[in-house]
Structure formats: C-alpha cells, structure tokens
Amino acid sequence: MLRRTETPLAVETYLRAQETKDLLRFITCGSVDDGKSTLIGRLLYESKMLFEDQLAALERDSRRVGTQGGKLDFALLVDGLAAEREQGITIDVAYRTFTTDKRKFIVADTPGHEQYTRNMATGASTAELAVILIDARKGVLTQTRRHSFIVSLLGIRSIVLAVNKMDLMGYAEEVFHAIEADYRAFATELGLADICCIPLSALNGDNIVHRSTSMPWYQGPALLSHLETVPLRQGPGAETFRMPVQWVNRPNQTFRGFAGTIVSGTASVGADIRILPSGRTSRISRIVTRDADLAEAVAGQSVTVTLCDEVDVSRGDVICTADQPLAVADQFESHVLWMDNSPMLPHRPYIIKLGACSLQGALSQPKYKVNVNTLEHVAAKTLELNEIGVCNLELDRHVPFAPYAEARELGGFIIIDRFTNNTVGMGIIHFALRRSTNVHWQALDVDKRARAGKAGQKPCVLWFTGLSGSGKSTIANLVERKLHSHGHMTYLLDGDNIRHGLNKDLGFTAADRVENIRRVAEVAKLMADAGLIVLVSFISPYRSERLLARELMDKGEFLEIFVDTPLEVCEQRDPKGLYKKARAGEIKNFTGIDSAYERPEKPELTIDTTRCSPAQSAGIISEFLESNGHLSPPPR
Amino acid sequence: MVRRKLTHLEALESESIHIMREVVAECSRPVMLYSIGKDSAVMLHLALKAFYPAKLPFPLLHVDTRWKFREMIEFRDRMARTHGFELIVYTNPEGVERSIGPFTHGSALHTQIMKTEALKQALDHYGFDAAFGGARRDEEKSRAKERIFSFRDSRHHWDPKNQRPELWSLYNARINKGESIRVFPLSNWTELDVWQYILQEQIEIVPLYFAAERPVVNRGGQLIMVDDDRMPLLPDERPEQRLVRFRTLGCYPLTGAIPSAAASLLEIIEEMLTTTSSERQGRVIDHDQAASMEKKKQEGYF
Ligand SMILES: Nc1nc2c(ncn2[C@@H]2O[C@H](COP(=O)(O)OP(=O)(O)O)[C@@H](O)[C@H]2O)c(=O)[nH]1
C-alpha cells in the first residue's frame, strides 16, 4: 500500500507495477481446527488487505465471539456464511484475493470434511497450487491423504505442506522432520513431486511472512515468499493452437465470427487451421476486437476470429492448428467424482458438458471406486455422493478432446441431471477407448421399411408404463391378440418374463433398474427395426430411462402409454400378492412403496383403468394405432 | 519463442467475456442489470467487447427506485443513446401507488419494496432466465462464497448451503421453467482492478465519483447530498457546499459522500490506495449486522 504523502506520479508507478504482476490461484485444504481460516486471515492481515473499518469489526467480533480470549481471531475474517459462523466450520468454497509486491493471489478456501469433498474439488479445479494444512500435534492423517489425492486428481502439481501449530510442539525440529518424511513417502505414491514443507504457527505468525526466529533450524522460505516465487504452470502442448468455439457471432449477412477463449498456443492471421470434429480446414482471416484487429492472440485471451472460407462451424467445435489436430472420440476412460445426493446410475443418460459442447452421455458401471482415505480400489456398482471411481464415459456423438493432463479445458467435464438440471458430478478424461473408432455401424441393404412393408404395418414401440398391478400386462396382451388376429406382426416384451432370461442377473436397485430398461429398450429397437409392432410392458418408473428408450427409436416410433391406476387401487387388486409382501418388508425397493414412480409428463396416451375395462382400454390403443397410420404399410 | 503472458487485467477481462458469451449461448432470455455505477460501467464495456461487432444480444434493466441521483439518470439515458442498447426501466408500481420512499418509510422498507421486490417483479414480468450483476467477491464475506453462475429458485431465493458445484470454467446454465440464474462476471475483480481498468480503457463513469462542490448535510455521521427538494430537512439542518465525492452510488438519501478533492481517476486511485475504510461503508443498508447481506441475498436482493 501507498502512504498518503505520495504523489500521483507514485500512483502511476505503482499501477505500472500492478500491471506486470501475474496471478497465482491456489487452494487451501485442511480439516476442522487445523488452523486454515486463521492462516488465511493472517495472510490477508499481513498483506495489509484490511481496511480500518474491517479491522475494527474484527476486533469487535474477536471480543464478542472470538476463540482467542479477546486477541485478534483471524478466522473470523474468512468464515462468511452465518451458518458457518454459528457452527465454527467452513461449508463452502470462499474465494478471496490479496496482493503483495510481487504477485496477485486468489485463494480458494475449501472445507476439509469428507462430506464436502465436492466443494474441495470445486476449489481445486481452478487452482495451480495447493496448501495442505497439517496439525503438528497430529501429523499426517487420513484427511491429509484424501486432500492430497483430490488435489492430485484435479491436476495440481505444486504442493505446500504447511505444518501448523508448531508452537504447541515447542517448535521442535524432529517433529517437523518426521511429518515431512511421512508425507513425502505418501505423496510420491500419488506422483506428487513438487512439494515444499514449511513449519508454521498461523496464530503467532511464524514463517508466514518472515522466517521465524523460533525455528532457526528451518532454512526454507516463509510461506508468503514461496507463494510469491513458485513458478507458474506452463502446460505441455502449450505451443499448439486450440480454441473451443463458444458462440457464433452473426450480426449480418457478411460477418461470421467465431468467439471463444484460446486454450493453448497462438492464433495468428493467415494460420492454417482445422475445425473439429468435421476435420474441415481453412485459414484465419481476421482476429477481431472492438479496439482494432489483432495480428496475433495468445492463450487465455477471449477473441473473435473469422475464417477465409465459408465452412460450417458451430458452438462446441474446436478450431486448432491444421497439422496438429486434437483427437476425436466418443468413448473415454475417466475418473468421476459424484456430487449429488442421488447416486450415479450407470447407463442413465445425463448431460455432459465438455469444453463448449453440451451433449448426452452415460457412464458405465465403475471399474472400481477409490477409497479416498486409503487409495485402495474397491469394487462398486455405482457411485454415491463424494465417491470417486473410474468409469467409461460414452457420448452420443464424437467430440474433440484432450486428456485432462494435457489441457484441463479440453479434458474436464461436468455431469448434469436432465430433470433437476443440477450439476451432479464431474470427471476428467484420461484417454479415449480405441473401440470408439473401430466399431462402425453396418449399413444393411434390407432395411426397416422393406421389412415392415412386407408385414403391412409401420413399426412402433408401445411402451406401457405404470405401477405393478396397474393393468399393463393385461391390456398389452389384449392389444397384441387384437393386432395378431388382424394379421399384424407383433411381439410382447413383458417385464417379469424378461427378468427370467435376458435380465436375470439384475436386481431392483436403482442402478439395476436403469440397466434393465436399457437392455429392453435396445431389444425393442432391434425388433422395431425388424419391422414389428413391439409391445413393452415394464413398470419403468424413471423418466430418464423412458426418455432414453424414446430417444433410441426413430421419431414417431415410440408411443408411451401411461397405465394410470392409483396406488390404492393397484394395492387392492394385488394380483400377485406383491404389495402385501412389500408392506411386510419382505420385498425391498418395491415401486410405489419404498421406491419412486415418476409419472410421465407427456405420454402419447393415458389409460385410466378405474374408468374403462381392459377390453375398452385395448380398443382405445388400437384405434390410436390405426389413426396414426401404424396399421397400414409405410408410404413408399 | 517467448510467449507473451497476459497481464492480470487482461486475464480478468478475458474471463468476464468468456462468462458473458456462455450465458448468451446457453440462456434463452438474458438481461444485464444496470445500476449505473462504476461496476455496471465496466460490465457494459466488457459486454460491448464480448459481442463486437454485433450489438448487445440482451437488454439492460435498470430498477429505478425513483430516488437515484439525478445525474445517474441523465448518465443512464446518455449511455443508452451512445451505445444503442435496449434499456428497460422498471419501477415497482405498488411502491409508486403507496409513495414509498426512504424518508417516509425508512431505508429497510424502501429497499425491500423498491429494489428487492421490484427486481423480482421485473424479472418475472419480462421472463428473464439469466441476469448479469456486477457484484464482486471482494465486496463482502457472503459474496466470497457465491458462485459465478448463481442459481435462484422460482421465488428468486438463493440457498447458500446448496449451491451447484462450479468446476473449471464449465458453467451450468440449465434451469427449469420459472427458475433463473444470476451471473456475476466481475466475481474475481477487486475494487482496485475496477478502477485500474476504467483508467486503462478510459471508461466513462457518472461524474458523482469525482470530487466537486455539492450541497450536503451531515446526518448521523453520513454526508447526505440534497439532490432535490424531496429531502425534508431537520430544524437544525442547513445544506452546506462541500468538496465531496461518492465511492458508491445508489439512492441519494441512502448513500453517504466522502470529503475528497480527488477529481481525476488517478487521484481517485491514489485516494483508494491510501484510504482506511472499505467501500461499503458509504452504504447505509449494510450497517446492520454482518449477516445482513447474506439474508438479503437469500430473499432475492442481488
Ligand atoms: N378394472 C380394471 N382392472 C384391470 C384393468 N387392467 C388390469 N386390471 C386388473 O388389474 C390386475 C393387475 O393387472 P396386471 O396386468 O397383472 O398388472 P401389471 O402388473 O401392471 O402387469 C389384474 O387383476 C387385472 O385384471 C383395467 O383396465 N380395468
């Protein structure tokens, strides 16, 4: 900070110095009571980022609610939410800025508790360095391992191990060295090499700004000087130009610009570029800004480029150096961190956001999940909140990507639920599975239309959904009998029957229900392709999976029939005695009892079985088929 | 080859532009909340850059409490003419009907009805699904915890304990009908960054930020400018001409001036660097407890 006596000339000099400063984003991780808030508060205080009124408030609060017997309680500076102050813990990531003579800093202060792993990952995703706090009395703990693992997973390579509360251990050298040795041994396993261990007392200010006189045996830098001088990241592949297209700028017929942030390399006018995934090539004709056109733009800049040729480019495409294009694939191996209260369901379609692409994708059953405390690999069928596992990611089309280790912007993705729209997970791509380029769809000569024409019908899938006992099977049976007697080719897939054969390996957990439906949907698709009218009678309780089935079929081919019978009525009918067993607790995960049924929002047909007989219901459905042209051959 | 590295202002600018483009690409009806202050000026400038040569692909919304400084309104209308953006001015009709004002109804009720309620009404009325705001994380403790894309339920409420995780620069702008998001492109800027950027880019700001002789009264330690004749003076109050400026702008009865001779950007920055109090001190509404802003935000205040 300046002193009041200085002149505007000094201000200009000061501002010029500010201009050339670079920015370090780092994250602090520690468990409750390790002294993290105190450390950050101390950094803000020491770098003189506090105004007098804030200091006055701090003094007042320290006296009122402080834990330091009236001395300044730096922790109060950083616990922002009322709930946090009440509970004395940090819940969410807080971002704070401070400046020293050498650098600007943005600190992501993250909670350390296992239940906040997702918040920690949020903070780590934009950080280049991690300060991992350890209580000198406790040494390397389970949480230290967890924090280090998450940090390494998110690609942070530079670690500061801050061994805090040295004052409580008499500033003893042996204590520090034992902890350091312990940590280094563990960190090497994670592939973390760039580690700086510093003994501290955040409370007393030892080794924060200045080397402490209490620990003359320590020869390394104080925390702040290390943060000021640690080299900033230069990612590998930094020379190659890559820019995801974020927005197409089309103000009029003559201008067509592609706006985006350059991820790596340099854009220069005249450079040969390639557009992915299409693979088309062109050259950069202009780099447009509101001030003036540029000859060149570098990584980190948000620009608008125009191309020499009229090529098709849309949001989500990546423009890159022509002769060093990115790889393009649709199946990947990835680490996934689950962030939602409802568990990840393998094969359920989610929205995947990768670069500037939002597309549909699904995750496989985890190959394993990682016990974040021991790093052991554990078998898993799904991932629960805050669990990390390795899964295959399958996208519904090919996209340009880079492994996360090469470019965070092209290898990190988020997972969004299609109904709640919440961000339910995040993942990082390690590599593409070779499969994705090897399996090509075989174009066959005799096609669906030819087969259906022979049978005199337009194939479709009648998807009956509803509670157990609602009447799905009864009605579906009647419909099939009717169609058959009129000479149509049909097939009825019944939930119970399929579970005895194709799906006999599946149970009734949410994950298994998803897989159950996925397989049936695929089978129904093949049958429709064979020209049949397919009747599917499955409870299919989740909207997502019914949507999955719908999207597998051609347009107009999927007819969702909601057999809408109230639970009480189904339970009264209870033809198989299942409700009784479920109520008695003998059957777990029974739809309507202890497992949800999500009502269809826009079914093609809704059948109210409390008003019509099964025969009437079947009549309604066959009339619907008739009037939609399914019962006559498709037009040539 | 030595690669040129971005200066930190360039890095901040680029991040903000990226955020704005993301909103325009993903949301169907965005709007920019334009409060006419310096942060809004920077936000507008960034938006003009982000979408150049196209015109702004969204309107600007000013929630007019009818108690803003007159110079702010003049400035607002001049900016709209200069840059040719679509300007929507909204005032809570219920507040007009009941003649709500800070002098007659107190600052809390005035802010509640004319600002918080009015904003919600305007967003609902026009069906905006995303609204840019100029708030920065360095302003206040609960803001430090807010995401850049901040989700609001259909009642415009913010749930601080249940925020969407926000990773890398991958923002989730998806919402269901009736829900909305507030987007803060200046989240990572500090007050100094804002001033430095205004200086570097020569961005025009409301003259009230610069020192001038203005008629003020000292009320409870705050220097309140007598901007029009709606201000009832107490028996012993007499407006005096003093050399003052404003560090933050809002409703004139609720915005304290500071004595200052800083009449240029450089002088303002110098004053800022040597000052001993934080920016929000001039805002009357923040003077309650520390958690007040968090509470207001939960209720839908920006
Ligand atoms: N009243 C009436 N009862 C029906 C109707 N459909 C089915 N039921 C009866 O409800 C019971 C359960 O039907 P079922 O087809 O086994 O149900 P699913 O478990 O959904 O396949 C049977 O006793 C049916 O006779 C209907 O449309 N109306």
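The model is predicted, so local features need pLDDT of at least 70 and side-chain atom pairs count only at pLDDT 80 or more, whereas totals for chains, interfaces and linings use all residues. Residues are numbered from 1 along each chain as its sequence is written, and side-chain values use heavy atoms, with hydrogens and water left out.

**Exercise 1.** Classify the pair formed by A:Phe332 and A:Phe401, and state which parts of chain A the pair ties together.

Step 1. Rings of Phe, Tyr and Trp (its six-membered ring) pair if their centres lie within 6.5 Å, and planes under 30 degrees apart count as stacked, over 60 as edge-to-face and the rest as tilted; by this rule there are 25 aromatic pairs over all chains.

Step 2. The ring centres of A:Phe332 and A:Phe401 are 4.8 Å apart and their planes stand at 75°, so the pair is edge-to-face.

Step 3. Because A:Phe332 lies in strand S16 (residues 327-338) and A:Phe401 in strand S21 (residues 388-401), the pair ties together parts of chain A that are 69 residues apart in sequence; strands are DSSP runs (E, at least two residues), numbered from the N terminus.

**Exercise 2.** Decide whether A:Phe332 is buried or exposed.

Step 1. Buried means under 20% relative accessible area, exposed over 50%, and partly exposed in between (1.4 Å probe, protein chains only).

Step 2. A:Phe332, at 0% relative accessibility, therefore counts as buried.

**Exercise 3.** Find the charge that lies over the face of B:Trp67.

Step 1. A charge sits over a ring if NZ of Lys or CZ of Arg is within 6 Å of the ring centre and within 35 degrees of the ring normal.

Step 2. B:Arg230 lies over the face of B:Trp67, at 3.7 Å from the ring centre.

How values were computed
Chains lettered and ligands numbered in written order. Helix = DSSP H or I, 4+ residues; strand = E, 2+ residues; numbered from the N terminus.
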